[in-house]
Amino acid sequence: NGALQPGECRSFWYNFIVSSSATPNSVITNCVWAQIPGMQLLQACGSFTVQAPAPVACIGKQICSPQASYTPGQIVRLRFRLQNIGGQDISGATIIDNLHPSLQYVGNPTFYMSSPNLLNPPCNPTIPSNGFSAWSPAPTITSIGQTITVSNITIPSTCQSFFSNGCGNLGNTAVDYYWIEFDVKIADTAALGNILNNYTISGGGLPEPVTSNTVYFLVTGTAGFTLQKNVAVDTTNWQQSLTASAGSTVKYRLQMNWTGNVQLRYATFVDLLPLDNGSSDGKILETCLPRGSQYNVTYQSTLLSTP
């Protein structure tokens with residue numbers, strides 16, 4: 001009824017309810033007309049496709065209190081974020097998380113919910129507290145080997161005042177969040193480098209399995225050691241050097257002391273015994289150089305090895 005001044009814009013919003021009897025995959029077109037004195041009738045139309053009612057999973061995986069790097073043996077808390085942004089309930093779905101061989105399930109699981117306005121809340125919240133409540137009925141979590149299974153996942157559909165089916169890095173801000181937390185250990189024997197991990201949810205009425213984002217653990221450490229070699233005529237009086245007569249028997253001890261914070265695996269000792277063979281020595285590490293010995297030593301047997 002009022003005048004629309006030059007450069008002025010007015011918007012009108014209308015909410016429509018799609019009939020429950022609408023045919024899935026059909027197209028609904030809605031048009032609006034504007035009648036302005038002195039102008040031809042204006043028309044604009046918008047169309048959308050009716051989707052079959054179904055649950056839609058919006059999921060993510062997080063590392064609680066993430067660090068730039070981790071060390072073998074460290075305990076890390078992981079968290080699953082789950083939402084149902086579809087038009088039907090998720091009922092009885094299952095999560096499978098196949099842990100990397102360098103990760104070990106520790107436990108201490110928790111299950112809870114949070115309101116849509118709490119974007120990416122901190123882990124281990126107080127339940128119940130403002131915006132947080134217990135997830136009831138809570139799912140069941142089991143661990144066999146490297147496989148973590150979370151079963152009996154039920155997430156009801158939510159009536160949204162303005163429907164949004166988007167699923168971003170923080171999920172969907174129009175529906176409730178559901179969370180699962182538990183601890184894992186970076187194995188003592190974990191190799192240095194990146195460890196990748198994600199999970200998949202399926203069943204419960206979902207049209208197809210959905211896989212989460214991948215989280216990365218950068219495992220760092222120091223692989224340090226020192227080497228020492230001693231000689232003795234018995235097995236108790238080890239020395240750096242000694243005098244022995246020709247034809248006698250001496251004993252060598254090779255010792256490696258670990259000084260790092262990561263385990264060493266598949267280490268190999270190479271001991272070049274004395275050999276007087278001049279330029280025909282055939283030294284295996286530097287074949288063009290003799291080892292400079294003035295006499296030969298012949299291997300007889302191994303005394304012991306620890307461990």
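**A walk through the model**

Let's start at Ser-65, which is exposed, with a relative accessible area of 65%. One note before going on: this is a predicted model. Ser-65 sits in the loop between S3 and S4. Its phi is positive, about 50°, although Ser-65 is not a glycine. Why point that out? Because most residues other than glycine have a negative phi.

Asn-120 is another case. Asn-120 also has a positive phi of about 50°, and it is not a glycine. Find Asn-120 in the loop between S6 and S7. Asn-120 counts as partly exposed, because its relative accessible area is 39%.

Stay with the backbone. Which residues does a cis peptide bond join? Pro-128 is in the loop between S6 and strand S7, residues 132–134. Ser-136 and Pro-137 are also joined by a cis peptide bond, again with omega of about -5°. Pro-137 is in the loop between S7 and strand S8, which covers 140–144. As background, most peptide bonds are trans.

Now go inside. How many residues does the largest nonpolar core have? It has 35. Leu-82 and Phe-217 have the most contacts inside it. Several strands each supply at least two residues of this core, including S3 (57–63), S4 (75–84), S5 (90–98) and S6 (103–114). S9 (147–155), S10 (177–186) and S14 (215–219) are also among them. The largest share, 5 residues, comes from S10. In soluble globular proteins, nonpolar side chains tend to be buried together.

Take a closer look at Leu-82. What does it touch, leaving out residues up to four places away in sequence? Among its contacts are Cys-58, Ile-59, Ile-95 and Trp-135. Ile-155, Tyr-178, Ile-180 and Ile-201 are also among them.

S5 and S9 run antiparallel, joined by 7 bridges. Ile-90 has Ile-155 in S9 as its bridge partner. S5 also pairs with strand S12, residues 200–203, in the antiparallel sense over 4 bridges. There, Ile-95 is partnered with Ile-201. Thr-94 stands opposite Ser-202 in S12.

Step back to the whole sheet. In what order do its strands run? The order is S8-S9-S5-S12-S13, an open sheet of 5 strands with antiparallel pairing. S8 and S13 (210–211) are the edge strands, each pairing on one side only.

Next, charges. Side chains of opposite charge can pair when their charged atoms come close. This model has 7 salt bridges.

Glu-8 with Arg-10 is one, with the closest N and O atoms 3.4 Å apart. Glu-8 is partly exposed, at 33% relative accessible area. Arg-10 counts as partly exposed too, at 42%.

Next come Asp-183 and Arg-77, whose side chains meet at 2.8 Å, N to O. This pair links distant parts of the chain: Asp-183 is in strand S10, Arg-77 is in strand S4, and they are 106 residues apart. Buried or exposed? Asp-183 counts as buried, because its relative accessibility is 12% and buried means under 20%. Arg-77 is buried as well, at 11%.

Then Lys-229 and Asp-271, where the closest N and O atoms are 2.7 Å apart. Lys-229 lies in strand S15 and Asp-271 in the segment after S16, so this pair ties together parts 42 residues apart in sequence. Lys-229 is partly exposed, at 33% relative accessibility. Asp-271 is also partly exposed, at 30%. Some salt bridges share partners, and they join Arg-77, Arg-79, Glu-181 and Asp-183 into one network.

Last stop, the surface around S15 and S16. Which residues make the nonpolar surface patch of about 690 Å²? Phe-225, Leu-227, Leu-254, Met-256, Trp-258, Leu-264 and Phe-269. S15 (225–232) and S16 (251–258) each supply at least two of its residues. S16 gives the most, with 3. Phe-225 belongs to S15, and it counts as partly exposed, at 42% relative accessibility.

Finally, look at Ser-241, in the loop between S15 and S16. Ser-241 is exposed, at 53% relative accessible area. Ser-241 and Asn-117 are 124 residues apart in sequence and 75 Å apart in space, C-alpha to C-alpha. That's the tour.

Methods
Residues numbered from 1 in each chain as written. Predicted model: local features only at pLDDT ≥ 70, side-chain atom pairs only at ≥ 80, totals over all residues. Heavy atoms only, no water. Core = buried A, V, L, I, M, F, W, Y, C linked by side-chain atoms within 4.5 Å. Buried < 20%, exposed > 50% of the residue type's maximum accessible area, 1.4 Å probe, protein only. Contact = heavy atoms within 4.5 Å. Patch = residues over 30% accessible without salt bridge, like charges linked within 9 Å, V, L, I, M, F, W, Y side chains within 5 Å. Areas by Shrake-Rupley, 256 points an atom, 1.4 Å probe, with all protein chains shown as cover. Salt bridge = Lys/Arg side-chain N within 4 Å of Asp/Glu carboxyl O. Pairing = 2+ DSSP bridges.
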